[in-house]
Amino acid sequence: MADDAKLSRFIDAVNEDIDSKVAVIISGAENERDGILSDAKSQADEQAAKLYDTNMKRITQKITRQVSQNEFTAKKEILKHREELTEKLFNEVTDKLLELHNSAGYVDILSKRLAMLNVDSGSEISVSPDDMKYADTLKKSLKTDNVTFTPDSAIRYGGFSIYNKHNGTIIDKTFDGAIDEQRVLFTNRNIFA
């Protein structure tokens with residue numbers, strides 16, 4: 001129970017850290033976007049003033065194209081910057097998970113998560129190759145001894161997945177899967193727009 005509280009506090013601390021970083025990143029991205037769009041508009045206005053007397057129709061068309069191109073370029077730069085910020089944010093999250101993975105309490109967290117699940121006899125539990133050393137400890141948290149542990153090199157950040165051979169289902173409790181899911185949710189919420 002104390003480990004659950006520690007894990008909860010750790011998750012809360014990571015979330016608070018991420019929230020504050022997201023707020024700073026969003027503010028910076030908004031300022032940068034405003035500056036880029038302001039510069040593009042200023043450039044277009046200056047061109048219009050110089051060419052106004054020669055040919056109004058030609059100038060209007062040219063300026064319209066230039067503004068559109070500048071806006072497109074600015075939006076493209078903002079999108080690229082947003083993707084870089086998202087990547088940076090999730091790199092920080094994975095660094096925190098690697099810290100957790102290397103901590104002394106990591107195996108206890110896995111054991112408790114396994115104990116909460118109803119693992120059927122004959123199931124196959126996949127863990128990262130580095131976590132295979134915990135197989136005997138993890139088995140002790142199960143109600144059945146008839147499970148096998150297998151290394152899965154696709155699991156990089158920790159956790160486990162359980163394959164139930166009887167009904168063909170997989171329970172993904174890997175941190176890798178959680179990161180992927182959160183990245184999709186984060187991107188869909190369009191935080192940096």
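## Getting started

Two strands count as paired if DSSP finds at least two bridges between them. Keep that in mind while looking at this model, which is a predicted one.

## The sheet

Let's begin with strand E3, residues 159–164, and its partner E4: the two run antiparallel and are joined by 6 bridges.

Now zoom out a bit. E3 and E4 belong to an open sheet of 4 strands, with the order E2-E1-E3-E4 and mixed pairing. At the edges sit strand E2 (148–151) and strand E4 (169–174), each pairing on one side only. On average, neighbouring strands here are turned by 20° against each other, ignoring direction.

## Helices on the sheet

Which strands does helix H3 touch? H3, residues 106–116, packs on the sheet and touches E1 (124–127), E2, E3 and E4. The direction of H3 makes about 30° with that of E3.

Helix H5 (residues 175–189) packs on the sheet too, touching E3 and E4. Its direction makes about 85° with that of E4.

## The whole protein

Counting everything, you'll find 5 helices and 4 strands. Follow the sequence along and the pattern reads α-α-α-β-α-β-β-β-α.

How much of the protein is buried? Of its 193 residues, 30% are buried. As for contacts with a separation of 6 or more, 67% come from residues 24 or more positions apart. The accessible surface of the protein is about 12,400 Å², and carbon and sulfur atoms account for 52% of that.

Definitions and conventions
Residues numbered from 1 in each chain as written. Predicted model: local features only at pLDDT ≥ 70, side-chain atom pairs only at ≥ 80, totals over all residues. Heavy atoms only, no water. Axes fitted to C-alpha atoms, helices over the stretch in contact; angles between N-to-C directions. Contact = heavy atoms within 4.5 Å. Buried < 20%, exposed > 50% of the residue type's maximum accessible area, 1.4 Å probe, protein only. Areas by Shrake-Rupley, 256 points an atom, 1.4 Å probe, with all protein chains shown as cover.
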